[in-house]
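Please examine the model shown below.

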Amino acid sequence: MSAERITFQTERLALRPPALEDARAVFHNYARDPEVTRYLTWRPHADIGQTERFLQWCLDRWESGAEFTWVITLRGSDEAIGMVSSRREGHRANLGYVLARKFWGQGIMTEAAGCVVDWLRSTPEIYRIWSTCDVENRASARVLQKLGLQREGVLRRWIVHPNISPEPRDSLLYAWVR
């Protein structure tokens, strides 16, 4: 599955591969925000250098085909307001996302992630698209439902969200299957 230079556009949004020049916007808009990172597997970025290293990691993973990450921008602006990523695992693809807090509750993540989910669904070798979210993250669970993923259950002690606890937490598992 190749995602070389794949971009998406919706009525409100444009999704494109990340660039190192996105570091300032990513850092200021969401990577340093403890509320945005609450349910993520990483702590808020302490400085822009950390964000630059993360973006380089995204670019390296894109190049290797291990993970495709798209920067979310508002159409007409090239400023990063979030990201959506997909990691391929054989016949499966995992979905992850993050969005700047000032854009929460506007349907932006459903719109952005919907592009990636539609692309994955159109890929014949993908039979399962899945994602998890913390059992307390109701907003993320709602996004996954709106994307057409069905709740399959609870993964007990599945993942550590270091901004909440050093211990593994329960996660809701959502999936779409062909």
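A residue is called buried under 20% relative accessible area, exposed over 50%, and partly exposed in between (1.4 Å probe, protein chains only). By this scale Arg-156 is exposed, at 63% relative accessibility. This is a predicted model, in which local features need pLDDT of at least 70 and side-chain atom pairs count only at pLDDT 80 or more, while totals for chains, interfaces and linings use all residues. Residues are numbered from 1 along each chain as its sequence is written, and side-chain values use heavy atoms, with hydrogens and water left out.

Side chains of opposite charge can pair when their charged atoms come close. A salt bridge is a side-chain nitrogen of Lys or Arg within 4 Å of a carboxyl oxygen of Asp or Glu, and the structure holds 14 of them. In one of these, Arg-156 joins Asp-170, with the closest N and O atoms 3.1 Å apart. Arg-156 lies in strand S7 and Asp-170 in strand S8; strands here are DSSP runs (E, at least two residues), and helices are runs of H or I with at least four, numbered from the N terminus. Another salt bridge joins Arg-88 and Glu-125 (3.8 Å, N to O). Arg-88 is partly exposed at 27%, and Glu-125 is likewise partly exposed at 33%.

Helix H1 (residues 23-31) packs against helix H2 (residues 48-64) at an angle of about 110°. That makes H1 roughly perpendicular to H2, a term for angles of 65 to 115 degrees, whereas angles under 35 count as roughly parallel, over 145 as roughly antiparallel and the rest as oblique.

Terms used:
Axes are lines fitted to C-alpha atoms, for helices over the stretch in contact, and angles run from 0 to 180 degrees between N-to-C directions.
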